[in-house]
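Please work through the exercises below with the sequence and the coordinates open beside you. Each task is followed by a solution that goes step by step.

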Amino acid sequence: MKLPELQVFIKAIAIGFLAMEVGRLALGLGSRLSLIYSGSSSLWSVPLIVSFLPLIVYYLWRRDILVQARKIARSARFDILISVISGALLSLVLLPTSSRPHDITSGMDPLLGAVVLGVLAIIVASSGLRDEKVSVSEDPVPPYFLTDDAITDLTQDELEHAKHAINFADIVLASKSHAGLVLGLDGPWGVGKTSFVNLVENRLAEKSSGGVFVHRFEPLRYGLDSDYTERFIRDLTATIQRHVFVPEFKFVANRYSRMLKGKADVSFFGFKLSMEPSSETIEELLEDIDDVLASTGCRLVVVVDDLDRLDAKAVNGILFVVRRTLRLKRATYVLCYDTENLVSRGEDGDRAREFLEKFINVKITLFASSGAMRDYFAHGWNKGGVMSVGSSIDRARLDYVMTSISAMLDGPDAARYMEILGNVRKAKRFINAALMLQVRYDELGVSDINAGDLANLILVYLNYPGLFRRIYDQETGGRVGFYSVRRKGQDKGYENTDELLKEIALDQGVDKFLLSQLFSVKALRLDRSSEESRRTRACFNEGQNRNLEAYLELIVKWMIPKPEESFSYYQKLAGRIASGDSVRGVINSGVAPLRERHAYESFWGQLTERAPGLNRNSLQEAIHVLMEDLPKQSILGAQSMRNGSVYSLLRLIESYGAVVGGRDALASSAAINSMMFGSPSEFEGGIIRALVTKDRGVLGWHDLVLFRLQCSADRGGQLYRIQEALVVGAGADWGVVQSEGAVAVVGMRRISQILFEMFRAAFIDSGVNFLSKIQELPESSLVGTLVSGAEAIDPLEFDAARLRITSFMTYQLCNKHWPSGSGIGIGAYDEAGLGDAAGIADVMNSYVFDFCFNPEISEKNAIFFCDHCLSHLTDAVFAGIDGEGYLPTKESLVGGFQVDRMGAYWIRHGEKIKGYGLTELDRVIPIGRGSVSYRTHLDAVFKELDRVFVS
């Protein structure tokens with residue numbers, strides 16, 4: 001028979017004694033309180049106590065008194081109960097000797113009872129009120145970021161650990177006769193060892209009906225120099241007492257702890273005292289602990305977590321503590337660690353692992369398969385619970401990147417990605433980084449962000465910060481580093497820099513793998529003709545495609561590119577029209593108004609790419625909308641949208657012919673000709689006449705001349721159906737013309753003659769100087785109404801625009817050049833017929849020199865001539881001419897005019913023009929990237945004209 005734990009019974013007797021004494025004192029105060037009410041009996045204290053009772057009940061409920069009561073009741077410790085009752089009876093027996101304190105209470109002022117009762121009420125109520133306030137103020141919305149909390153039940157399992165945990169728990173239950181069974185749980189950090197233990201604990205509680213409970217010992221919570229023996233015993237005691245009522249255990253465990261510590265030295269007033277433990281052996285104390293556990297009918301599972309996070313010395317200390325308790329018959333041990341992490345510490349780690357493996361009976365290894373991680377990124381993060389984002393997040397926003405990660409883990413490179421995404425902790429870290437971007441991922445879906453490239457860059461950012469910093473330093477701020485790809489040459493594809501290839505080849509680490517996935521031309525298989533790749537892939541960072549910089553700024557500064565600056569945004573708008581939406585409705589309902597050059601041109605560029613897939617009605621609407629918008633568009637240099645819009649118009653017309661005619665080339669040509677030259681069912685008079693209606697003014701003529709030029713086959717465009725339609729519309733055989741290479745000559749004849757016929761009627765025969773009309777163009781018409789901000793434009797830009805229009809139109813109408821790669825001049829044809837003897841050029845040169853430039857009609861005509869000459873000066877540097885700046889030459893001054901016509905003009909009017917004193921004017925002419933002036937350059941022009949035509 002073992003010696004009873006006398007401390008337990010002494011403590012029980014003391015509790016009974018004190019409880020009775022407190023009750024007697026309270027009764028005395030209550031009796032005095034009742035005297036406040038005159039004429040009342042002492043029973044008046046009863047309703048006061050009853051009114052105070054709900055507060056006491058609430059306090060006891062918040063202290064889980066029912067749980068504690070059930071635990072004590074289940075223990076069936078009648079010996080303890082008898083000891084408490086004995087203590088209470090002892091108070092009654094000692095009543096005569098302890099009556100003085102009670103007498104003092106009975107003689108106190110009656111108000112003292114009220115004060116004491118009030119103070120007690122305040123003390124008890126304050127704690128409850130604080131708890132209620134905290135519970136009300138707590139935000140019920142789930143946290144924004146994923147935490148590192150472990151899962152607690154089977155429904156939250158996303159890594160397929162549940163079945164494994166159930167089997168493990170069943171093994172523990174089946175091994176109850178095995179004394180000191182030690183199970184090793186091996187797995188890398190973040191694989192879910194803690195979650196696994198939680199699932200095991202739930203299974204044990206379910207199958208054993210509470211007969212098995214788990215003690216978690218986490219040495220990482222304590223300092224490296226902690227007394228692990230004392231910590232272990234103290235935590236173990238707290239765990240056991242939390243589950244069962246066994247007061248003896250604390251005293252037995254303390255004796256065992258002192259036994260393990262051995263002799264202790266204590267200094268007292270300069271004297272050193274040595275305290276030896278009792279003569280009991282460790283085996284006897286362990287037997288006592290076993291007996292105490294046996295008295296409860298429970299078994300203990302001791303889990304030691306995070307062993308591999310300690311240094312070798314601390315690991316050995318923990319293992320020593322565990323080894324000294326292995327003789328407990330009712331305990332099973334589970335040691336959690338990562339073998340690879342222990343081995344990586346060199347010789348000390350090897351010794352710690354060997355010591356660990358000496359007493360591990362069974363080892364179980366946890367893995368996170370690529371399939372499980374793939375499924376987690378595909379949909380597991382979105383299910384709800386510990387391992388998913390909170391309901392406060394619009395989860396659909398993350399799908400853009402999560403789907404890409406899931407595809408990576410399902411592809412041939414899954415093993416490489418598992419090295420950096422192979423457990424839940426790393427996965428949560430990635431998701432939190434994606435959430436940290438603080439952007440709407442549905443907006444990312446309409447931006448030029450490739451989900452795979454963004455995911456790879458985030459992985460570099462998280463796992464290789466030094467590498468990410470190097471990329472950021474080299475590729476931002478307008479710089480182009482060696483990471484981004486380069487063009488080999490015109491239409492020759494792309495290549496990597498030698499520096500990048502050398503860095504990738506250094507080793508086969510995951511960081512080099514990620515670099516390959518982001519920048520390697522070979523790995524990406526870049527298509528040189530794919531505009532989508534150039535606009536979206538992170539490997540491009542030159543010119544207008546500053547893609548990589550946009551990615552880096554998104555990750556570092558959370559700066560998502562504006563939708564109106566993205567390629568994908570306009571793809572989606574064009575897709576809506578292909579689905580049947582109205583063109584004008586799509587333009588007006590965009591995220592950003594299509595009022596800037598980039599936005600407008602990008603939209604029409606994407607719509608023309610999708611044009612072959614549109615139906616006839618959508619194409620007709622698109623053509624009408626573009627025709628309506630042309631007069632509203634800017635023609636200024638930096639904001640000009642007109643050139644691109646005219647080409648888009650031609651692309652739409654060609655697609656219209658393809659849709660109407662299908663595979664029938666003649667039907668397609670007929671549809672195009674009717675659209676361009678007129679048909680009752682299309683534009684009245686055709687598009688070429690609609691472009692120059694009176695309300696469009698002289699800018700309409702500029703649009704028509706540009707429209708005609710872009711149809712020319714010799715310019716190398718891809719308007720093959722329009723070129724064929726023009727040849728067929730001219731009455732020629734397409735097959736014969738194509739084989740003879742005369743497509744441009746034949747195709748341009750009809751449109752050139754019709755254009756000049758209209759021009760002659762509008763200006764020449766009407767006696768209108770079209771140069772004057774150009775110079776009179778108001779600034780508002782040059783800016784247009786599709787863009788704003790004319791007040792911010794340099795006034796010289798307006799003069800430059802007028803000069804460009806003048807030069808372009810006079811050159812196209814007056815020159816008689818045949819195909820040379822830049823288009824056939826309108827002047828190369830006769831006004832009618834097939835002679836092609838440059839009859840139009842003769843008429844136009846006469847019109848310009850005899851009317852538009854004629855100073856005898858108006859002095860401002862001489863200014864038109866001088867403007868022409870100054871705007872055609874030659875840059876000496878680029879032309880290889882001796883001299884500096886802009887210089888006049890015969891070839892540049894003549895331009896597209898006939899030499900003899902200009903010579904005759906200067907001989908006739910030169911002296912008169914020089915007599916106007918124009919060299920004294922403060923008139924500035926924009927040219928190239930600079931400007932010239934009448935004061936500094938016009939005299940040189942006059943001298944060159946005299947040298948060429950007079951002398």
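The exercises that follow treat strands, cores, salt bridges, backbone angles and a surface patch in turn.

The model is predicted, and for that reason local features are reported at pLDDT of at least 70 and side-chain atom pairs only at pLDDT 80 or more, while totals for chains, interfaces and linings use all residues. Residues are numbered from 1 along each chain as its sequence is written, and side-chain values use heavy atoms, with hydrogens and water left out.

**Exercise 1. Strands 5 and 6**

Task: Determine how strand 5 is covered, and with which strands it pairs.

Solution. Begin with the assignment: helices (H or I, at least four residues) and strands (E, at least two) are DSSP runs numbered from the N terminus. Burial is judged by relative accessible area, with buried meaning under 20%, exposed over 50% and partly exposed in between (1.4 Å probe, protein chains only). By this criterion six of the six residues of strand 5 (residues 299-304) are buried. Arg299, Val301 and Val303 point one way from the strand, Leu300, Val302 and Val304 point the other way, and all are buried.

Next, consider the pairing, for which DSSP must find at least two bridges between two strands. Strand 2 (residues 212-217) runs parallel to strand 5 and is joined to it by six bridges, with Phe217 standing opposite Val304. Strand 6 (residues 331-337) also pairs with strand 5 in the parallel sense, over five bridges; here Val302 stands opposite Tyr333, and Leu300 stands opposite Ala331.

Finally, follow strand 6 itself, where seven of seven residues are buried. One side carries Ala331, Tyr333, Leu335 and Tyr337, and the other carries Thr332, Val334 and Cys336. Strand 1 (residues 181-186) pairs with strand 6 in the parallel sense over six bridges, and Leu185 stands opposite Cys336.

**Exercise 2. Nonpolar cores**

Task: Find which residues touch the most other members of the largest nonpolar core.

Solution. A nonpolar core is a set of buried Ala, Val, Leu, Ile, Met, Phe, Trp, Tyr and Cys residues joined through side-chain atoms within 4.5 Å. The largest such core has 118 residues, among which Trp604, Phe707 and Phe759 touch the most other members. Helix 37 (residues 743-764) supplies the largest share of this core, eleven residues. A second, separate core holds 82 residues, including Val424, Phe430, Ala434 and Leu500.

**Exercise 3. Salt bridges**

Solution. Side chains of opposite charge can pair when their charged atoms come close. The criterion for a salt bridge is a side-chain nitrogen of Lys or Arg within 4 Å of a carboxyl oxygen of Asp or Glu, and a search of the whole structure finds 31 of them.

Glu503 forms one with Arg470, the closest N and O atoms being 3.4 Å apart. This pair links distant parts of the chain, since Glu503 lies in helix 22 (residues 498-504) and Arg470 in helix 21 (residues 465-475), 33 residues apart. Glu503 is buried at 10% relative accessibility, whereas Arg470 is partly exposed at 40%.

Asp511 and Lys512 meet in another salt bridge (3.6 Å, N to O); Asp511 is buried at 18%, and Lys512 is buried at 9%.

**Exercise 4. Positive phi**

Task: Locate Asp836 and Ala838, and decide whether they are buried or exposed.

Solution. Phi is near 50 degrees in Asp836 and near 65 degrees in Ala838, each a positive value in a residue other than glycine. Asp836 is found in the loop between helix 40 (795-814) and helix 41 (839-852), and Ala838 is found in that loop as well. Asp836 counts as buried at 16% relative accessibility, and Ala838 counts as buried at 10%.**Exercise 5. A surface patch**

Task: Identify which residues make the nonpolar surface patch of about 310 Å².

Solution. Patches are made of residues with over 30% relative accessible area and no salt bridge, like charges being joined within 9 Å and nonpolar side chains (Val, Leu, Ile, Met, Phe, Trp, Tyr) within 5 Å. Accessible areas come from the Shrake-Rupley method with a 1.4 Å probe, and for residues only the protein chains shown count as cover. The patch is made by Ile13, Leu90, Val93 and Leu94. One of these, Val93, lies in helix 4 (residues 78-93) and is exposed, with a relative accessible area of 61%.
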